[in-house]
Amino acid sequence: MPALVVFWINLAACGLVFAALEPDDNWLVGLYWSAVTGSTTGFGDVLPSSVASMLLTIYAIASSWVLNLVVATLLIKNVLPEPHLFTDAEQRHGQAHDAVQTAHARYQSAMSEALHRSVLGEDPRTLAAYGDLAHAEHQLAHAQHALDREQAQRGEPRVGSTSWRPPRPR
């Protein structure tokens with residue numbers, strides 16, 4: 001809120017100073033000029049005629065850029081429920097979950113290839129894709145434990161647990 005107040009005060013001050021510097025313009029024209037200039041629209045219907053007014057125009061544009069960015073950033077920051085939308089543990093958990101899905105798809109593809117090659121007598125756990133899947137599932141379990149610890153430290157309830165294990169081949 002203070003940044004928004006500073007923005008409006010700057011806009012009004014620039015408009016009133018412009019009206020004071022330009023003898024043919026009144027305060028309403030000055031505020032109009034300030035709003036048009038500050039928004040960088042620049043219709044061109046109100047123009048500075050003195051060097052001081054030109055310098056004020058440069059200041060109005062530059063300060064409006066900065067204040068627009070500050071106000072927008074603060075508004076967005078205050079609209080989001082949490083400044084850090086996803087914690088490191090949540091990100092690692094999501095990445096590990098994606099890795100499990102990818103490894104599982106690779107393992108399924110490898111199993112299909114093995115079936116197509118008629119290697120049904122071979123133990124599927126010897127396939128490299130099975131090792132990739134086991135490694136990815138281990139990473140997911142580790143990430144889930146880190147996420148559980150972090151949520152417990154924040155006092156949040158547990159969202160869920162990764163207790164799924166791949167079926168053992170017969």
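Me: What is the relative accessibility of R154?
Reply: R154 counts as partly exposed, a class lying between buried (under 20% relative accessible area) and exposed (over 50%), with a 1.4 Å probe and protein chains only. This is a predicted model, in which local features need pLDDT of at least 70, side-chain atom pairs count only at pLDDT 80 or more, and totals for chains, interfaces and linings use all residues. Residues are numbered from 1 along each chain as its sequence is written, and side-chain values use heavy atoms, with hydrogens and water left out. The value for R154 is 35%.

Me: Which residue forms a salt bridge with R154?
Reply: A salt bridge here is a side-chain nitrogen of Lys or Arg within 4 Å of a carboxyl oxygen of Asp or Glu. The closest N and O atoms of this pair are 2.9 Å apart. The partner, buried at 18% relative accessibility, is E150.

Me: How many residues apart in sequence are the parts tied together by R106 and D132?
Reply: R106 and D132 form a salt bridge, with their closest N and O atoms 3.8 Å apart. Both count as partly exposed, R106 at 45% and D132 at 36%. Because R106 lies in helix α4 and D132 in helix α5, the separation in sequence is 26 residues.

Me: What pattern does the protein follow along the sequence?
Reply: Helices (H or I, at least four residues) and strands (E, at least two) are DSSP runs, numbered from the N terminus. There are five helices and zero strands. Read in order, that gives α-α-α-α-α.

Me: Where is confidence highest, and at what mean?
Reply: Confidence is given as pLDDT, which runs from 0 to 100 for each residue. The protein has a mean of 80, and 81% of its residues reach 70 or more. The lowest element is α4, at a mean of 79. The highest is helix α2 (residues 27–38), at 91.

Definitions and conventions: pLDDT = per-residue confidence, 0-100.
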